[in-house]
Amino acid sequence: MSDKETKAGKTAAGAALAGVPPEPGAPKQDAILSATGVRRAFGGLVAVDVEHVEIQRGTITALIGPNGAGKTTFFNLLTGFDRPSKGSWEFDGRRADRMRSYQVARAGMVRTFQLTKALTRMTVLDNMLIGAADQVGERMWAGLFPGLWKKQEAENQERALALLERFKLIEKREHYAGELSGGQRKLLEMARALMLEPKMIMLDEPMAGVNPALKQSLLEHIKDLREDGMTVLFVEHDMDMVHEIADWVAVMAAGQLITEGTPDQISADQRVIDAYLGAHHDAAQH
Amino acid sequence: MDWQFVFSQALTQAIGPTMLVYALGAIGLNLQFGYTGLLNFGQAAFAAMGAYGLALGVVAWGLPFWWAVVIGLGAACVMALLLGIPTLRLRADYLAIVTIAAAEIVRRLARATVWADTTGGSDGMRGFSEPFFALIPWDRESTWTLLFVSMDSGRLAVDFGIFELQYSYRDTWIMVVGWALVLFFTGIMALLIHSPWGRVLKGIREDEEAVRSLGKNVFAFKMQALVLGGIIGAVAGFLFALSRANVQPDTFTTDFTFYFYVVLILGGAARIFGPVLGAALFWFLYNILSQGLSQAIRADVIPPSVLDSTQVGPLVFLLLGLGMVLLLIFRPQGLIGNKKELLFDVR
């Protein structure tokens, strides 16, 4: 990817967000995801209570907040891995709050996990191939007739190898995923998600447990996703990283969306500082 | 004592009718447990569905043999759906609990006195195997020799010089059909496991959340594996019932399920030929131990004060259990498993 192209996606994202006011629930010109009244309570504890949020298409949006702010729960809700107590949202023009997790993925919103979920006793290549969508050979009866799916399998394999090349895992393709390091597993998980050709990719703490050297390459990969026209929403703690790659930042605290804005606006926002400090005081009581 | 006889007997059994029952049951279990990670502890009940479906169909309802076979397969299907629908959305252990309980319910229902007129209660049923043995393409007078294999008045003999394997007229037919079924289902498994469908199953075994996040309907895949594995279990049940020419509820205890597991773990789970090799080895060891000990007692090699013939059975199971423990310690991957794979077990 050339520098010029890299700039193109970033510039477009910046332009799209230029006039958006830095306040929670701010409307975007072309929202790929738009959620309203999302609430998730575990008994008496309200983990998520987001009034309204929109995610601009083609941007990298960071979701930050202190521990226990409800970021991952919100993620789980949006991706169908958890059910909301109430609320509704649309993804890419389709109502998505009733979808099951696999339907969400098929609709084009694919997630990764905070604790990486590599399929350890399968090869790296198999990990990739399982990600491909609409496979004929995944029907049980069709499995008996290799002629029906060999061609599609070869195409998928070609795509998988290209992605492994891009994520510098090509030499590991015949290794078990369990042999990879933590950082390589993160790369694999991201590459695997791309096998679905998603419109939006949700990364839950992509940098957790990754060594500094690999961190930089992961950052570049995430930027590349934007250049490929994907929308990225990621949960992160590290403000430096957020500054480096995010076009937009949404801040959650105690289950609520407290503010939104560009990384610079967020850094200067007193509410954010309070939220983090408040959380630290809370944390001391645990 | 006659070692030659002991070995011949054990080898005869190692590829004989009972071994085929274990192999088939374990092939089904391999799909469920080995590849998909489903803890089905009720494989005996799936076999019972096949066996009782056949027996009831032919004896109680007077249906043609093939219709009864269809009933047995259908019953296994229905049971898999009934057990799967409430549990497959939950964690793996729920299926384990439900299947082990359901297997016991099936056995109790089969031996219940309420409908003993139909099912025979704890005595079971017989008289359903005639149509099957009527299909034998050779007659009781057949006699031929081909290299070291010969048939003498309908009975099959395989002469290896030192050892001679002998099978009765009916056992020979059971073996022809049984081996055909084992090869057929092994072939089906090989095709399925190396297809994208099989890849999804392995993915589910590794981490079903991850597979779900990749847009796969995990529930549907698990259900397919449970149903297909259960159907193969029912086929094992047919063979079991036909080889004994009767069905008895108390042969379908949880022990039966655990033999399938022993066979699978011995051979190597998640290996295409694991169930077949495991079944042969398990049944060979079982027979060589029991025959060997019985012969040793008869020939006074082992004095009656140390071991008498009634104690042979329990002792054999004790030894097999010990062997199983040692296997799990020193070769947990089984006979042909891949040890490397076990190293990554993150759970």
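**Figure 1. A salt bridge between two loops of chain A, Arg57(A) with Asp92(A)**. In this predicted model, Arg57(A) forms a salt bridge with Asp92(A), and the closest N and O atoms of the two residues are 3.1 Å apart. Arg57(A) sits in the loop between strand 2 (45-56) and strand 3 (60-64) of chain A, while Asp92(A) sits in the loop between strand 4 (86-91) and strand 5 (94-95) of chain A, so the pair ties together parts that are 35 residues apart in sequence. Arg57(A) counts as partly exposed, because its relative accessibility is 31%, and Asp92(A) is partly exposed as well, with a relative accessible area of 23%. Side chains of opposite charge can pair when their charged atoms come close. A search of the whole structure finds 31 salt bridges over all chains, and the legends that follow return to several of these pairs.

**Figure 2. The interface between chain A and chain B**. How many residues of chain A are in contact with chain B? There are 34 residues of chain A in contact with 33 residues of chain B. The size of an interface is often given as the accessible area lost when the parts come together. For chain A and chain B the buried area is about 3,200 Å², and carbon and sulfur atoms give 64% of this area. Between the two chains the count is 4 salt bridges, and the count of residue pairs in polar contact, with both residues at pLDDT 80 or more, is 11. On the side of chain A that touches chain B, at least two residues each come from helix 3 (101-107), strand 6 (109-111), helix 4 (124-129) and helix 5 (140-143) of chain A. Helix 3 of chain A gives the most to this side, with 4 residues.

**Figure 3. Two salt bridges that join chain B to chain A**. In one of them, the side chains of Arg199(B) and Glu153(A) meet with an N to O distance of 2.7 Å. Arg199(B) is among the buried residues of helix 9 of chain B, a helix that covers residues 196-206 and is mostly covered, since 11 of its 11 residues are buried. In another, the side chains of Asp207(B) and Lys117(A) meet in a salt bridge at 3.4 Å, N to O. This pair crosses between chains, from Asp207(B) in the loop between helix 9 and helix 10 (208-213) of chain B to Lys117(A) in the loop between strand 6 and helix 4 of chain A. Asp207(B) counts as buried because its relative accessibility is 16%, and Lys117(A) is buried with a relative accessible area of 18%.

Figure 4. Glu209(B) forms a salt bridge with Arg212(B), the closest N and O atoms being 3.1 Å apart. An α-helix has 3.6 residues a turn, so residues three or four places apart point the same way. Glu209(B) counts as partly exposed at 30% relative accessibility, whereas Arg212(B) is buried, with a relative accessible area of 17%.

Figure 5. A polar atom of the Lys222(B) side chain lies 2.9 Å from the backbone oxygen of Leu88(B), and a polar contact of 2.9 Å joins the side chains of Lys222(B) and Glu208(B). When residues up to four places away in sequence are not counted, Lys222(B) touches Thr36(B), Leu38(B), Leu88(B), Leu90(B), Ile204(B) and Glu208(B).

**Figure 6. A nonpolar patch on the surface of chain B**. Leu318(B), Leu319(B), Leu322(B), Val325(B), Leu326(B), Ile329(B) and Phe330(B) form this patch, and together they have about 690 Å² of accessible area. One of them, Leu319(B), lies in helix 14 (residues 312-330) of chain B and counts as partly exposed, because its relative accessibility is 32%.

Conventions. Residues are numbered from 1 along each chain as its sequence is written. Chains are lettered from A and ligands numbered from 1 in the order in which they are written. This is a predicted model: local features need pLDDT of at least 70, side-chain atom pairs count only at pLDDT 80 or more; totals for chains, interfaces and linings use all residues. Side-chain values use heavy atoms; hydrogens and water are left out. Patches are made of residues with over 30% relative accessible area and no salt bridge: like charges are joined within 9 Å, nonpolar side chains (Val, Leu, Ile, Met, Phe, Trp, Tyr) within 5 Å. Accessible areas come from the Shrake-Rupley method with a 1.4 Å probe; for residues, only the protein chains shown count as cover. Buried means under 20% relative accessible area, exposed over 50%, partly exposed in between (1.4 Å probe, protein chains only). Contact means heavy atoms within 4.5 Å. Buried area is the accessible area (1.4 Å probe) that two parts lose on being put together, summed over both. A polar contact is a pair of N or O atoms within 3.5 Å; within protein, one must be able to donate a hydrogen and the other to accept it, and residues adjacent in sequence count only if both atoms are side-chain atoms.
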